[in-house]
Amino acid sequence: MNTAYTADQIRGAEHELMARLPEGTLMQRAATGLAAVCADLLGRVYGRRVVLLVGSGDNGGDALYAGERLARRGAWVGAVLAGSKTHEAGLAALRQAGGRVVERDVLERADLIIDGLVGIGASGALREPYRALVEEANAARGPVVAVDVPSGVDASSGRVEGAAVRARVTVTMGAYKTGLLVDPGAGHAGRVELVDIGLGAYLPDPDVAALSGGDVDLLLPRPGNESDKYRRGVLGVAAGSDLFTGAAVLAVGGALRAGAGMVRYAGPGAPVAQVRAHWPEAVVTELDRPSIEDVGRVQAWVLGPGLGTGEWAHEVAAQVLASNVPVLIDADALTLVARDRGLLRRQAPVLITPHAGELARLIRADRDAIEAARLEHVRRASAELGVTVLLKGSTTVVAEESRPVRVNVTGTSWLATGGTGDVLAGIAGALLAQGLSCYDAASCGAFLHGLAGRRAADGAPLTAADVAAAVPATIRAVTGEGRSS
């Protein structure tokens, strides 16, 4: 599991460690790791042109000392001094190794640019001359390596206000920073390389975490020898309408592919016919009236994909949410809940799976503000609504009160197509029915869904049905990976 921390958490750990070490030790460790990554990226160091963008803080010192190491290996190294002050010992070391102070016009000829402008304590929009230097670095032909976080990215949240470095690689020191895992900051970080400088023993509980395949392997339920279809989890799916029949098909398919022992589908005539045609394994109940009492016993519900938002759908939602089992609320049911928050007054667990627009309606927020500060709003929603929240998007995040937010690191931009959210609802619902908590079902469901999307796309467009079809092979790959590790 990868864990990440806020700037304040990192600074606290650094303060404790520095009190036990000779002055400058951490900077030398950071510079050594940074120089090694830069050398690997360059391939051949001798004769290559490296430009350092040097700010006033410790990031500037890291860049200067890394530049010194590259200069000693034969690189041409020039430092653009942008801050009101400079790390004097680092600058002296660079000059002694043959480096020099240069003007910004050398950026366009650089083979590599090291961004040491601002560190993890910076927030808000960059000021001049930093803003202009960032734009010039982004336009230059040479790749940019960011020190700790790309300048312009808030290390604690991933927020980006104005110009920000778009790094090929970010070399982060001691521990991952939250802003490197969450968009929009994650989109600026490129490949993230972690340099161990000895902080591990001094770090507190993480701010956010990202599951690995091994973590998911350990969490996924497995049938035992004594299992039958009822012990493996029975999921109810209340979805689909005469207008939106496909949503029901996709949600049921996602649930079946993710290992539910039985799926009980309930809906009106048109989607009932489609579910029966596509999934004869499902037990289907046609609802002539909005009543779920004849569906049978379930261990969890998926509520909402394609359900509609009229009175009929509201009554179905009210009955499902009156049950005493976990409920995953998605799509149209989120609209119903946004209109009638009283539907969420229940004792059993609730997992909601909105995108930014749906979350905006639920918590009366601006959609753009949610996209810009996903962590802030997903935490707010979980606390305000008293539910587990899986916020879908370019970075999918899962929040539950008093737990670290989990960030999903799988997925592909090809998943941005109709119906994939219905498949995700089915996958996570199946995991709920098999006994996972909302927190774990959401996290594992997002991981498997993203990985299935990558497998189905393979660099090309996909359909939601392709994603569902790829789920069993994805689970095999994840569980096989976990056993081999």
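This is a predicted model: local features need pLDDT of at least 70, side-chain atom pairs count only at pLDDT 80 or more; totals for chains, interfaces and linings use all residues.
Helix α3, residues 58–72, spans 21 Å from its first C-alpha to its last across 15 residues, close to the 21 Å expected at 1.5 Å a residue. Of the 15 residues of α3, 12 are buried, which leaves the helix mostly covered. Among the buried residues are N59, G60, G61 and D62, and the list also includes Y65, E68, L70 and A71. The cover over these buried residues includes the helices α2 (25–42) and α4 (88–96), together with the strands β2, β3 (76–81), β5 and β6. Just after α3, the chain passes through G74, whose phi is positive at about 100°.

One of the strands that cover α3 is β5, and the description now turns to this strand.

Strand β5 has pairing partners in β2 and β6. With β2, residues 49–54, strand β5 pairs in the parallel sense over 5 bridges; within this pairing, L53 has D115 as its bridge partner. With β6, residues 144–147, the pairing is again parallel and runs over 3 bridges, and here I114 stands opposite V145. Between β5 and β6 the path includes helix α5, residues 130–139, and the three elements make a right-handed β-α-β unit.

The loop between β5 and α5 contains P129. A cis peptide bond joins E128 to this proline, with omega at about 5°. A further cis peptide bond leads from D183 to P184, with omega near 5°; P184 lies in the loop between β8 (176–177) and α6 (186–189).

A search of the whole structure finds 0 aromatic pairs.

Two residues other than glycine have positive phi values. A331, with phi near 55°, is found in the loop between β15 (327–329) and α11 (332–339). R364 also has phi near 55°, and its place is the loop between α12 (356–363) and α13 (367–372). Are these residues buried or exposed? A331 is buried because its relative accessible area is 16%, under the 20% limit for that class. R364 is exposed because its relative accessible area is 55%, over the 50% limit.

Note on methods. Residues are numbered from 1 along each chain as its sequence is written. Side-chain values use heavy atoms; hydrogens and water are left out. Two strands pair if DSSP finds at least two bridges between them. Helices (H or I, at least four residues) and strands (E, at least two) are DSSP runs, numbered from the N terminus. A crossover is right-handed if, with the strands pointing away from the viewer, the path from the first strand over the helix to the second runs clockwise. Rings of Phe, Tyr and Trp (its six-membered ring) pair if their centres lie within 6.5 Å; planes under 30 degrees apart count as stacked, over 60 as edge-to-face and the rest as tilted. The expected span of a helix is 1.5 Å times one less than its number of residues. Buried means under 20% relative accessible area, exposed over 50%, partly exposed in between (1.4 Å probe, protein chains only). Contact means heavy atoms within 4.5 Å.
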